[in-house]
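Hi,

Here is the structure I said I would pass on.

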Amino acid sequence: QSLRFNDDDGSYLSRTPSSAGNRKTWTYSGWVKRGNIGAGANKVILGCGTSGTTSSYDAFRFGTDDTLLFLGADAANSLLITTQVFRDTSAWYHIILAVDTTQATASNRMKMYVNGAQVTAFGTATYPALNSDTNINSAIGHQVGARQSTGSVIEYYDGYMGEVNLIDGLALTPDSFGETGDYGEWKPIKYAGTYGTNGFYLKFENAS
């Protein structure tokens with residue numbers, strides 16, 4: 001129940017919502033297993049941008065140094081970059097990005113989680129401005145496995161993804177998507193809440 005992305009093939013999924021949802025509050029949750037790593041592997045998990053000549057986009061991605069980062073084209077040009085690196089191509093990582101720009105405390109406006117634990121160590125931490133809008137959940141192109149900007153699709157993801165959720169209107173914690181197993185492992189559970197206007201669930205349960 002996963003989808004393989006091959007960056008050599010330019011593989012990605014895309015959707016343009018017919019109307020905007022909640023651009024201030026949302027959650028991405030997904031399980032990823034990396035393929036290519038290192039230099040040249042600036043691979044996007046979730047992107048949102050236009051195909052025009054501007055370079056305004058949001059991107060949740062791995063950097064060329066294998067950190068995990070979110071770059072947002074909101075009022076503050078938000079940027080979170082982990083100090084932790086993700087180089088194990090045999091491992092599945094459960095990653096969550098929860099955004100709520102209505103929070104009074106800046107560090108509560110954007111949170112990352114990996115395998116059930118909140119990430120607190122960032123090399124760069126520029127949080128969104130209070131009540132600012134992100135591109136995510138706007139009525140422009142959204143990409144899973146790439147991002148679109150300046151007239152082309154670039155930075156294709158390489159590896160596997162599974163249990164992909166985008167929740168429109170809620171900033172959630174790992175307990176909504178996973179639980180600790182009998183042997184202390186972090187494992188997925190099916191999300192049982194609402195998805196909002198532009199939310200979606202990609203199960204990848206068969207070959208189609």
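Let me start with a charge over a ring: the charged end of Arg 147 sits over Tyr 57, 3.6 Å from the centre of that ring. Keep in mind as you read that this is a predicted model. There is another contact of this kind at Phe 62, where Arg 34 lies over the face of the ring, 4.0 Å from its centre.

Phe 62 also turns up among the ring-ring contacts. In total, the structure has nine aromatic pairs.

Take Tyr 28 and Phe 60. Their ring centres are 5.8 Å apart and the planes are at 75 degrees, and since an angle over 60 counts as edge-to-face, that is what this pair is. It links distant parts of the chain: Tyr 28 belongs to strand E3 (residues 25-34) and Phe 60 to strand E5 (residues 57-62), with the two 32 residues apart. Are these two residues buried or exposed? Both Tyr 28 and Phe 60 are buried.

The other one is Trp 92 with Tyr 160, a tilted pair with 6.3 Å from centre to centre and 55 degrees between the planes. This pair, too, links distant parts of the chain, its residues being 68 apart. Trp 92 is in the loop between strand E7 (79-85) and strand E8 (93-100), while Tyr 160 is in strand E15 (residues 159-168). As for accessibility, Trp 92 has a relative value of 33%, so it counts as partly exposed. Tyr 160, at 32%, counts as partly exposed as well.

Now the backbone. Asn 115 is not a glycine, yet its phi is positive, at about 50 degrees. You will find Asn 115 in the loop between strand E9 (110-114) and strand E10 (117-118), and its 33% relative accessibility makes it partly exposed. Glu 155 is also a non-glycine residue with a positive phi, in this case about 55 degrees. Glu 155 lies in a loop too, the one between strand E14 (152-154) and E15.

Cheers

How values were computed
Residues are numbered from 1 along each chain as its sequence is written. This is a predicted model: local features need pLDDT of at least 70, side-chain atom pairs count only at pLDDT 80 or more; totals for chains, interfaces and linings use all residues. Side-chain values use heavy atoms; hydrogens and water are left out. Rings of Phe, Tyr and Trp (its six-membered ring) pair if their centres lie within 6.5 Å; planes under 30 degrees apart count as stacked, over 60 as edge-to-face and the rest as tilted. Helices (H or I, at least four residues) and strands (E, at least two) are DSSP runs, numbered from the N terminus. Buried means under 20% relative accessible area, exposed over 50%, partly exposed in between (1.4 Å probe, protein chains only). A charge sits over a ring if NZ of Lys or CZ of Arg is within 6 Å of the ring centre and within 35 degrees of the ring normal.
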